[in-house]
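The structure comes before the entries.

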Amino acid sequence: MVDMTNVSKNTMNTADIIYKYMRPEHLPHIWCPGCGNGIILRAIAQAMENAKIDRNKTVLVSGIGCSSRAAGYIDCNSLHTTHGRAIAFATGIKMAHPELEVIVITGDGDSSAIGGNHLIHAARRNIGLTVVVMNNNIYGMTGGQYSPTTPHLEYGTTAPYGNIDQPFDIAELAMGAGATFAARGAVYHSALLAKTIEKGIRHKGFSIIDVASLCPTYYGRKNKKGSAVDMMRYQKDNTVMVEKAKTMTEEELNGKIVIGVLRDKEAPEYSEEYAKLVEKVKGGNK
Amino acid sequence: MAKTVLMQGNEACVEGAIAAGMRFYAGYPITPSTEIAEVSAVRLPKVGGKFIQMEDEIASIACAIGASVAGVKSMTATSGPGFSLKQENLGYACLAEVPLVVVDVQRSGPSTGLPTSPSQGDVMMAKWGTHGDHPIIAIAPSSVKECYTLAVRCFNLAEKYRTPVIFLMDEIIGHLREGIEIPENVEVINRPTVENPHPKRPAYAPTDNLIPAMAPFGEGQRYNITGLLHDESGFPTNDTKIAGDLVTRLMKKIENNYDDIVEVEETHMEDAEVAVFCFGGTARAASSAVETARKKGIKCGMFRPITIWPFADKELKEAMKNVKKIVVAEHNWGQLVNEVRRVVGNDKIIEFVGKIDGTVITPDEILAKIEKED
């Protein structure tokens, strides 16, 4: 069971979220019925509210894919970029104006296939971006091709005989690259997700929240996972809090989604380090 | 007093860029453009600017676009293979109307090619490398001094027209060292800005000159930028009328300002019967060949487009009116020569001098074509 005592009281009602944080003229969103991305979008808005960040000073950056449309729905500065490159664009924004809050919304293919290089290098630099991965285990926008997070032996339109690839664990990948904050969330636990993203926003340095989304339309259908409700129920039954997971055996953890903050540590943030460098050499001899 | 210094082309490019207001550079090492990154890394923090070495060429241009969106004049530099990689995001900057300078110090290709021998093989890529119809401005320097002065011009055009500008250098000029006078002051143009940025203002609000004012992110406008075709608010549209109008406006904002953008240099063209058409590094050999021909009594002139794109149709047509023969010299298999043919028509003799083996075109090779009995 997931302890909800401290998370539900910080939740705005949906109408307030929409009128305060969304661009209602651009709703409804384009996502399919049952898609988990809308829940993540709401959680991001809730996290912005909880972290009390100034929308004028907030930039949402996205790439290409189902996830990428999220940036435009939230009323702040939004940059919808090219496939895989959101983190690289975001790096330029953060470097140019470190006082801006820069949040990247990306997907599993966008962040770990075509954009994998940018992900690991941003993590390595510890630049102050918050990266939210809408991880639905499939390429949804193009119609259900297998992605780097499609589980081994599962199906996609380009894995008609089962996927022989081994999947990435995006949070582990980012930690391996040096991410100072890494967490995993699941759309079933939406209030906890908002709290987790809030922690990511408040963290100084690079933070990543890998969120288990739902794609009943392609991933679910191709892999006989049932309806959106069935997929939600699966998440409910198979998510384990990170603290609980520490007490479980590898066998018990097989097939489970471990959620919560996986790593949270302090380290010098990149744009601040560069500012120090500028102070040191500014006005020096030519 | 302006001071004279010995400088390399790549170095002059950075100094010109800084004089024009560049305060952000993102790049990836590649010969023969690497000195641009190295000099930027040294110089930018000293003037309060920022340098970052990104993980690849694609990230470099993306990062530079990001900084420009946040209101800081930005540049990235590369050479052939890297220029290929940057093409997708170059198109993004065209469509999103983000001021940016992209330097391509051309080297021999295709592919990894002949690093790092001279070439001018990226002329057509500069215009057509990114997919879809889009406008582009490309400028080619042929001296170290021009690396400085034209870098300033690249930034000014990028800012004035809210568009990426390609500084189409080549290995000859990038690695050339010459004494140049550093101007004490240069004219600096900044992007059209928004007086009172607020969220209700359409981000791409129409203007008479087709160039919308630009609010940097973070100043209160809270707008959307996308690589999808969009309406005036900056949000994606599937309306074909709006989509068509947008691409038309992008093309027209450059086409309508042809006279401001296109710059050429003409030498001895008043009485010329033979003319050499050349640009960038090749102009140096051409200039020598033209002077020799003149001494031999041949009425020979030189036409050098400084602006490569848009192509100098009007100036070329006018300059070649009384010319019988045009010798086109370029370091490739023949790229701009076809533009010359298109403009002057079939009643002129066109001689082509090209090189694709990494060696330089010599004055003698050009002179031989000038003197050739047709």
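I took helices (H or I, at least four residues) and strands (E, at least two) as DSSP runs, numbered from the N terminus. The model is predicted, so I noted the limits: local features need pLDDT of at least 70, side-chain atom pairs count only at pLDDT 80 or more, and totals for chains, interfaces and linings use all residues. Residues are numbered from 1 along each chain as its sequence is written, while chains are lettered from A and ligands numbered from 1 in the order in which they are written.

**Cis peptide bonds**

I looked up Pro32(B) and placed it in the loop between β2 and α2 (34–43) of chain B. The bond joining Thr31(B) to Pro32(B) is cis, with omega about 5 degrees. I recorded a cis bond also from Pro115(B) to Thr116(B), where omega is near -5 degrees. Thr116(B) belongs to strand β6 (residues 114–118) of chain B.

**Positive phi**

I kept in mind that most residues other than glycine have a negative phi, and most peptide bonds are trans. For burial I counted other C-beta atoms, placed from the backbone, within 10 Å of a residue's own: 20 or more is buried, 12 or fewer exposed, and in between partly exposed. Lys224(A) has a positive phi near 50 degrees and sits in the loop between α9 (216–222) and α10 (228–238) of chain A. Lys224(A) counts as exposed because it has 9 C-beta neighbours inside 10 Å. Leu210(B) has a positive phi near 70 degrees, and its loop runs between β9 (177–182) and β10 of chain B. With 18 other C-beta atoms within 10 Å, Leu210(B) is partly exposed.

**Helix α6 of chain A**

Which residues of helix α6 (residues 116–125) of chain A are buried? I listed His118(A), Leu119(A), Ala122(A), Ala123(A) and Arg125(A). Down the axis of α6(A) these fall within an arc of 165 degrees, so they line one face of the helix; the arc is that of the directions from the helix axis to the C-beta atoms. Among the elements covering these buried residues are α4 (86–96) and α13 (270–281) of chain A, and also α3 of chain B. Just after α6(A), Asn126(A) has a positive phi of about 60 degrees.

**Where chain B touches chain A**

I counted contacts between residues whose C-beta atoms, placed from the backbone, lie within 7 Å. On that basis 36 residues of chain B contact 35 residues of chain A. The largest share of chain B's side, nine residues, comes from α3(B). That side divides into 22 nonpolar, eight polar and six charged residues; Ala, Val, Leu, Ile, Met, Phe, Trp, Tyr, Cys and Pro count as nonpolar, Asp, Glu, Lys and Arg as charged, and the others, Gly among them, as polar.

I then checked strand pairing, for which DSSP must find at least two bridges. Strand β2 (residues 77–80) of chain A pairs with β10(B) in the parallel sense over three bridges. In this pairing Leu79(A) stands opposite Ile225(B) in β10(B).

**Two packed helices in chain B**

At what angle do the axes of helix α1 (residues 9–20) and helix α6 (residues 144–161) of chain B cross? I noted roughly 35 degrees, with the axes coming within 7 Å. Axes are lines fitted to C-alpha atoms, for helices over the stretch in contact, and angles run from 0 to 180 degrees between N-to-C directions. The residues of the contact of α1(B) with α6(B) divide into 11 nonpolar, four polar and one charged.

Note on methods
Contact = placed C-beta atoms within 7 Å.
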